Amino acid sequence: METHRVALIGHIGILARSTAEALEQRGHLTCLLDLSQPPENLASFRPSRIICFPFAPTLARSHRNQISHDLSYLKKVLHWAAGSGVTRAILRSHAYAYGSSMKNPGMMHEERISLLAKDSLERRWLQAEDLLWAAAKAEPSSNFSVAAVRLTNILRAEEGDFITHLLTRRAAIPLAGYDPRVQFLTLSDAAAALVAAVLSGGSGVFNISGEGTVSFRDALRAACPVRIPVAGPVQRRIRSFLWKAGLGRFPSESVEQVRYNWTISSEKSRRELGFVPQTDTLHALKEFLQARPKSRPERLNSSYDDYGLNPEYLARLESWFNFLRKIYWRVEVEGIENVPSSGPALLVANHRGFMPFDGVIHRSLILAHKNRHIRFLVIPSLFKFPFLSDFLIRQGGVVASQQNAKRLFDRGELVGIFPEGISGAFRMYKGAYQMGEFGKDAFAKMAVENSVSMIPAAVIGHVEIFPILARVNSSAVTRFTGWPYLPITPTFPLLPIPLPTKWHIRYLEPVSVGKLRPEDAENPKLVKDLSQHVKDVLQRNVDEMLARRKHIFFGRIFENPVGSGKQESIPAQE
């Protein structure tokens, strides 16, 4: 094995020292150089490769000057390295470079754009990476290769991750109403990832995290004896005051890290670096907690869904779901046998009502009759609201994206989608049963790309629970809620209680993608035709069901509910 001289440069903390140890155990020579020394001091060591640790574990009060100084030093190091025979430079970066946003799909790949706010202090990681790319670009003809390693939360308090910091407190203040998925790394795995990167030839960004995810609420519950949830606006003000006064280690924006998911996929590092962490997220957390007094690692579940589906939570609320389905809305169902009991499929339903009750009813019905969970693709704006976000995630809601759909189909999941989107949910009562535009036909593209069948689901009765009779156009409402306007219904917003209408749901025979191949998903005409066909099928069934309905609040329209009533046959070749 070739022996390399590796210099570890910058903020030399516990991770840098652990990385040096791991390199030395493999027979390589190392040298540590902190910011007090210029990079020229490495001339006698003659490193062939370097690893840069650009920032201190925590942001000092004089943060802006400190970041500026750190970036200036990094630029000097990279310039020196590119001209001094160094063949490879690795940057220790952070997975939080993606930012915390309701739009994050979760389990993000390296090509995902950053959604950090423009004034976020955590953009320092992106600025450091930009310097790395610039250094490589300045030496296009040399053997100078570069890579940025984005590490998730390291389970050592010395590394300064905010989430790890919260787990070390006797009393923690979580963000009320949110329970994002979190990931962890042991210190040894973080060091091993940097070793794998510096010894390889892979370039670009590499995500590194332990396999799987954990509920942040459960992690905190197992770690901290006392937990006091505080609303975001209040918590940010308090943390801002403490930080500016020099009494807090983290700025107010750190709270965003525990608001939305920013989980990452390490697929690229497995493929190109051949690196897989020795310890997964859950076991890394358990080991960390076992070493801490008063921690209760036994409170953690034996496994967690990557996106947050929580069967135990659903079981606790099942009596409430049954009340809504069987008593309050008296849901009558036909064709439930058309929903497959296993295997990937896409359920496509018409959507009305700005509260996601129809998704709740579909989920409850399918779980009751087919004993499987449906994973609805949800528009990001619904995750903005505390408690509603938590409710949707625990029910299996997933941020709508082609990437998430593919991952779910690959796992054999039943995926649900409302292709009319937010425009369908906010349609005025007059003409509400006319199908609106199906967005960009994304659902049909999903089906073709993943070679899965679609189950159309026609629903009536959900329009009238909150019939929109008027609307208030307000930029403030749109900015705050993501809604197109403020709806006015007989009970909303003064008394936001849905009306006890009678619902009817018809699950239709699956629509196959037929002879279409995954590559046909890029053919707009074929996708549009398939989308239009499903839309026409839904519209015909909704019209036929409405023609049978005699009253909004009572009456039956199916001869054999939850059985093999008359349904429209949909030939696959169409």
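Author: The model is a predicted one, and one stretch calls for caution. Over residues 563–574 the pLDDT stays under 50, and for this stretch the model has 29 contacts beyond four places in sequence. Where pLDDT is low, the predicted coordinates should not be read in detail. The average pLDDT of the protein chain is 92, and 96% of the residues score at least 70.

The protein chain has 17 helices and 21 strands. Its C-alpha atoms fill a box of roughly 90 × 55 × 45 Å along the principal axes. For 574 residues, a compact globule would have a radius of gyration near 25 Å, and the 27 Å of the protein chain agrees with that.

Now to the two helices. H13 covers residues 402–410 and H15 covers residues 442–450. Their axes lie 10 Å apart, and the helices pack at an angle of about 40°. An angle between 35 and 65 degrees counts as oblique, and H13 and H15 are therefore oblique to each other. The crossing of H13 and H15 is right-handed.

On the H13 side, the contact is made by Gln 402, Ala 405, Lys 406 and Phe 409. On the H15 side, Ala 442, Lys 445, Met 446, Glu 449 and Asn 450 take part. Sorted by class, the contact of H13 with H15 has four nonpolar, two polar and three charged residues.

Terms used: Residues are numbered from 1 along each chain as its sequence is written. This is a predicted model: local features need pLDDT of at least 70, side-chain atom pairs count only at pLDDT 80 or more; totals for chains, interfaces and linings use all residues. Side-chain values use heavy atoms; hydrogens and water are left out. Axes are lines fitted to C-alpha atoms, for helices over the stretch in contact, and angles run from 0 to 180 degrees between N-to-C directions. Helices (H or I, at least four residues) and strands (E, at least two) are DSSP runs, numbered from the N terminus. Angles under 35 degrees count as roughly parallel, over 145 as roughly antiparallel, 65 to 115 as roughly perpendicular and the rest as oblique. A crossing is left-handed if the near helix is turned anticlockwise from the far one by less than a right angle, and right-handed if clockwise. Contact means heavy atoms within 4.5 Å. Ala, Val, Leu, Ile, Met, Phe, Trp, Tyr, Cys and Pro count as nonpolar, Asp, Glu, Lys and Arg as charged, and the others, Gly among them, as polar. pLDDT is the predictor's confidence in each residue, from 0 to 100. The radius of gyration is taken over C-alpha atoms; the globule rule is 2.2 Å times the number of residues to the power 0.38.
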